[in-house]
Amino acid sequence: HPALLQLVASLRVSETTDGEICCLDGHRVASAGMQQIDNWLYCAGVVHACGRRLPTEEEAYSDFYIPSAHLYIEYWDEQGSASNLAEKMRRKELYQRYDLRMLELSKEDLTEIDDVLARQLLKLGIETL
């Protein structure tokens with residue numbers, strides 16, 4: 001999907017007054033990396049949610065959720081604060097403890113998002129446009 005990758009990469013980051021970033025589908029996310037993932041999912045026709053609560057006793061929220069596959073996606077941004085990193089690690093432990101399907105993406109994956117995400121989703125039975 002070279003055209004899709006080019007479109008997603010060309011989109012500007014537009015922040016809201018509360019510091020969140022708007023995505024093409026109206027979702028609001030916390031970082032430019034998350035915006036790139038959200039916009040890719042939207043352009044690829046993958047129905048998804050942002051900030052979905054995990055089905056756990058502890059209160060925790062995923063970065064993205066694909067309901068058709070019961071799949072959570074977490075974006076690990078190395079530039080996050082120590083508290084953000086601690087929260088990510090806590091969620092990672094919850095995914096393991098509750099046996100929830102989770103796909104991890106890193107900042108490096110974003111340079112090849114079209115290939116990486118399409119391939120990972122196809123392995124899990126999720127087709128993209």
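The sulfur of Cys 23 lies 5.9 Å from the closest cysteine sulfur, which belongs to Cys 50, and that is too far for a bond. A disulfide would need the two sulfur atoms to be within 2.5 Å. The structure holds 0 disulfides. This is a predicted model.

**Cysteines**

- Seen from Cys 50, the closest cysteine sulfur is that of Cys 23, at 5.9 Å, again too far for a bond.
- Cys 23 is buried, with a relative accessible area of 8%.
- Cys 50 has a relative accessibility of 23% and counts as partly exposed, because buried means under 20%.

**Nonpolar cores**

- The largest nonpolar core is made of 24 residues.
- Within this core, the residues with the most contacts are Ile 37, Leu 41, Ile 66, Leu 117 and Leu 121.
- Two helices, H2 (32-43) and H4 (113-123), are among the elements that give two or more residues to this core.
- Strands E4 (64-66), E5 (71-76) and E6 (101-106) also give two or more residues each.
- The element that gives the most to this core is H4, with 5 residues.
- Apart from this core lies another one of 7 residues, including Leu 54, Ala 60, Tyr 65 and Tyr 72.
- Leaving aside neighbours within four places in sequence, Leu 41 is in contact with Val 46, His 48, Phe 64, Ile 66, Ile 73, Leu 117 and Leu 121.

**Helix H2**

- H2 has 12 residues, and the distance from its first C-alpha to its last is 16 Å.
- That is close to the 16 Å expected at 1.5 Å a residue.
- Of the 12 residues of H2, 9 are buried, so the helix is largely enclosed by the rest of the structure.
- Just after H2, Gly 45 has a positive phi of about 75 degrees.

**Helix H3**

- H3 has 16 residues, which at 1.5 Å a residue should span 22 Å.
- The end C-alpha atoms of H3 are 23 Å apart, which agrees with that expectation.
- Which residues of H3 are buried? They are Lys 88, Arg 91, Leu 94 and Tyr 95.
- Looking down the axis of H3, the buried residues fall within an arc of 115 degrees, so they line one face of the helix.
- The buried residues of H3 pack against E5 and E6.
- On the other side of H3, the exposed residues are Ala 82, Ser 83, Leu 85 and Gln 96.
- Just after H3, Asp 99 has a positive phi of about 55 degrees.

**Salt bridges**

- The structure holds 10 salt bridges.
- One of them joins Arg 97 to Glu 58, with the closest N and O atoms 2.6 Å apart.
- Arg 97 lies in helix H3 (residues 82-97) and Glu 58 in the loop between strand E3 (49-50) and E4, so this pair ties together parts that are 39 residues apart in sequence.
- Arg 97 counts as partly exposed, at 45% relative accessibility.
- Glu 58 also counts as partly exposed, at 25% relative accessibility.
- Arg 97 forms a salt bridge with Glu 93 as well, the closest N and O atoms being 2.7 Å apart.
- Glu 93 and Arg 97 are 4 residues apart in helix H3, so about one helical turn separates them.
- At 34% relative accessibility, Glu 93 counts as partly exposed.
- Lys 88 forms a salt bridge with Asp 63, and their closest N and O atoms are 2.3 Å apart.
- This pair links distant parts of the chain, with Lys 88 in helix H3 and Asp 63 in the loop between E3 and E4, 25 residues apart.
- Are Lys 88 and Asp 63 buried or exposed? Both are buried.
- Lys 88 and Asp 63 also belong to a network of salt bridges that links them with Glu 74, Glu 87, Arg 90 and Arg 91.

Notes
Residues numbered from 1 in each chain as written. Predicted model: local features only at pLDDT ≥ 70, side-chain atom pairs only at ≥ 80, totals over all residues. Heavy atoms only, no water. Core = buried A, V, L, I, M, F, W, Y, C linked by side-chain atoms within 4.5 Å. Buried < 20%, exposed > 50% of the residue type's maximum accessible area, 1.4 Å probe, protein only. Contact = heavy atoms within 4.5 Å. Salt bridge = Lys/Arg side-chain N within 4 Å of Asp/Glu carboxyl O. Expected span 1.5 Å × (residues − 1). Arc of directions from axis to C-beta.
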